[in-house]
Amino acid sequence: MNIATYRRPSNLDEAYDLVVKQGAYPLGGGAWSMSVGRPIASAVDLCDLGLRYIRVEGKNIAVGAMATARDLERSSLLADVFGPLFPEALGGIAGVQVRNIVTAGGSVAGRYGFSELLVVLLALDASLVFYNDGTRPLSEYLGAPRGGAFLLEKILLPLDKKASYQGLRHAATDFPVLSVCACRARAGWRIAVGARPGVAAICPGAGASLGSTGSPGEQMALEAGRIAAGELSFGEDLRAGAEYRRSVCSVLVARAIRRISYDS
Ligand SMILES: Cc1cc2nc3c(=O)[nH]c(=O)nc-3n(C[C@H](O)[C@H](O)[C@H](O)COP(=O)(O)OP(=O)(O)OC[C@H]3O[C@@H](n4cnc5c(N)ncnc54)[C@H](O)[C@@H]3O)c2cc1C
């Protein structure tokens, strides 16, 4: 990585000043920034800010921006609340060495279409806490145009949800062809689909079709899959065409719903 000026603040106020007021480049794990390879005039390493944690805060689980993919994958707290959701969603990303480096904050801030983490967080209806700049639902952040500088401090996950992840890769460690997360809460279902190849999006019609009471049967799961495939846009890249992704979407959405229904 080609960095002209490197800073490593030890408190959030200093980091905020450098990133938001002076326009310096925040570095999470640096894995993606390194692979993109653009020179960085002024980098701010966030590793000394105490943001590497996963803990209960009130009615939420708070994930610090510097928690790594591997931290999420191995967290006993997340496993107690969400079962195998995080290992199943994140365990296929590159290799363990990469997952030990890449951060939750970098994955969210980058808004990568291929991000499994974003699919899961969107289905869980996570919120983002921006240092000195309030809290916003992830869905709102993803729907807004990319704006000015910000410092993501943590991600809040509601504790009262069940969710299941399904994804398809051509080969282990490759980027996903499609990824799906279905989430059931008291208020109803949220289905998120990512790697379309655009960034993760919610399927409102599919979620609504499942109602808010009881476990959906086989026909409802299949129908929700069809609705999801019909209400999202899909595109083409070197991994798959749009119509292939649409077909895979209906299958994976139905599987994710079944998984929650059968497990409960
Ligand atoms: C070889 C390889 C394979 C991969 N395969 C996959 C895959 O299959 N699936 C998948 O989901 N991901 C994959 N990834 C991406 C990875 O999961 C991360 O999403 C990515 O590396 C970003 O995390 P990072 O910590 O490295 O971010 P960085 O590179 O440090 O930062 C990414 C962006 O976020 C900004 N940023 C970082 N932290 C903050 C913060 N706290 N506040 C504000 N802005 C911030 C940075 O300025 C930068 O713009 C892969 C990465 C690599 C290197």
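This note goes through the model point by point.

1. **Basis.** The model is predicted: local features need pLDDT of at least 70, side-chain atom pairs count only at pLDDT 80 or more, and totals for chains, interfaces and linings use all residues. Residues are numbered from 1 along each chain as its sequence is written, and side-chain values use heavy atoms, with hydrogens and water left out.

2. **Domains.** The assignment gives domain 1 (3-45) and domain 2 (162-264). These bounds come from an automatic or database domain assignment. The C-alpha centres of domain 1 and domain 2 are 35 Å apart.

3. **Record annotation.** An unreviewed UniProt entry annotates residues 1-162 as "domain: FAD-binding PCMH-type". UniProt positions are given in the numbering used here, feature names are shortened, and annotations may be inferred rather than shown by experiment. In the model, residues 1-162 are 37% helix and 23% strand. The end C-alpha atoms of that stretch lie 40 Å apart. Helices (H or I, at least four residues) and strands (E, at least two) are DSSP runs, numbered from the N terminus.

4. **Parallel sheet.** An open sheet of 3 strands runs in the order β1-β3-β2, with parallel pairing. Two strands pair if DSSP finds at least two bridges between them. β1 (3-7) and β2 (25-27) are the edges; each has a single partner strand, so one side of each is left without a neighbour in the sheet. The twist averages 35 degrees from one strand to the next. Axes here are lines fitted to C-alpha atoms, for helices over the stretch in contact, and angles run from 0 to 180 degrees between N-to-C directions.

5. **β2 against β3.** Strand β3 (residues 40-45) pairs with β2 over 3 bridges, in the parallel sense. P26 has V44 in β3 as its bridge partner.

6. **V44.** Is V44 buried or exposed? V44 is buried, at a relative accessible area of 0%. Buried means under 20% relative accessible area, exposed over 50%, partly exposed in between (1.4 Å probe, protein chains only). Leaving aside neighbours within four places in sequence, V44 is in contact (heavy atoms within 4.5 Å) with R7, P9, L18, V19, A24, Y25, P26 and L27. S33 is 11 residues from V44 in sequence and 12 Å away in space, C-alpha to C-alpha.

7. **Antiparallel sheet.** Another open sheet has 5 strands in the order β4-β5-β8-β6-β7, with antiparallel pairing. Neighbouring strands are turned by 30 degrees against each other on average, direction ignored.

8. β4 joins strand β5 (residues 60-64) through 4 antiparallel bridges. I54 stands opposite V63 in β5. The β4-β5 hairpin has 2 residues between its strands, and G58 in the turn has a positive phi of about 60 degrees. Strand β6 (residues 127-130) and β7 run antiparallel, joined by 3 bridges. The bridge partner of V129 is T135 in β7.

9. **Cores.** A nonpolar core is a set of buried Ala, Val, Leu, Ile, Met, Phe, Trp, Tyr and Cys residues joined through side-chain atoms within 4.5 Å. The largest has 37 residues, and F86 and L157 touch the most other members. Helix α8 (residues 116-123) supplies the largest share of this core, 7 residues. A second, separate core holds 24 residues, including V180, A221, F234 and A256.

10. **L157.** Which residues does L157 contact, leaving aside neighbours within four places in sequence? They are K59, N60, I61, V63, L78, F82, F86, L121, L124 and A126.
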